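Here is a short note for a colleague who is opening this model for the first time. Please read the points with the structure in view.

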Amino acid sequence: MANIKSAKKRVLLERERRVENNSIKSEIKTYIKKFKAELAVDTAKAEEIYNQLASKLDSAARENVIHKNSANRKKAHFSKLLSNAKASK
């Protein structure tokens, strides 16, 4: 544990940020699961979920929860899955 007052504050702030960041990452994972499940059933609903997922990824990248290239890579991957699903139906 830190001895200096400012270092103690940093520890507390990092703890709060870690909880918030993990919450955001968990929400993204939930949307990914919803998207993949809906992709097999209904592409129109999957497209709505994709739009929400892309928005969540963008905001997470903007808040530096995840790297912007990681967000873009995930969006491209899921966009490709969606377009392939649309083409096959």
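1. Start with a term. A residue is called buried when its relative accessible area is under 20%, and exposed when that area is over 50%. The model is predicted. Phe-35 has a relative accessible area of 0%, so this residue is buried. Phe-78 is at 4% relative accessibility and therefore counts as buried too. Tyr-50 is buried, as is Phe-35.

2. Next, the rings. A pair of aromatic rings is described by the distance of the centres and the angle of the planes. Centres must lie within 6.5 Å for a pair. The count comes to 2 aromatic pairs. In one of them, the ring centres of Phe-35 and Tyr-50 are 6.1 Å apart and the planes meet at 50°, so the pair is tilted.

3. Phe-35, Tyr-50 and Phe-78 make up one aromatic cluster.

4. Now helix 1 itself. How far apart are its end C-alpha atoms? They are 51 Å apart, and 35 residues at 1.5 Å a residue should span 51 Å, so the two values agree. Its buried residues are Ile-24, Ile-28, Tyr-31, Ile-32, Phe-35 and Leu-39. These buried residues pack against helix 2 and helix 3.

5. The charged end of Lys-34 sits over the ring of Tyr-31, at 5.1 Å from the ring centre. Tyr-31 is one of the buried residues of helix 1.

6. Last, the core. Which residues touch the most other members of the largest nonpolar core? They are Ile-28, Phe-35, Leu-53 and Ile-66, in a core of 20 residues. Helix 1, helix 2 and helix 3 each supply at least two residues of this core. Helix 2 gives the largest share, 8 residues. Leaving aside residues up to four places away in sequence, Leu-53 touches Ile-28, Tyr-31, Ile-32 and Phe-78.

How values were computed. Residues numbered from 1 in each chain as written. Predicted model: local features only at pLDDT ≥ 70, side-chain atom pairs only at ≥ 80, totals over all residues. Heavy atoms only, no water. Phe/Tyr/Trp six-rings, centres within 6.5 Å; stacked < 30°, edge-to-face > 60°. Buried < 20%, exposed > 50% of the residue type's maximum accessible area, 1.4 Å probe, protein only. Lys NZ or Arg CZ within 6 Å of the ring centre and 35° of its normal. Helix = DSSP H or I, 4+ residues; strand = E, 2+ residues; numbered from the N terminus. Expected span 1.5 Å × (residues − 1). Contact = heavy atoms within 4.5 Å. Core = buried A, V, L, I, M, F, W, Y, C linked by side-chain atoms within 4.5 Å.
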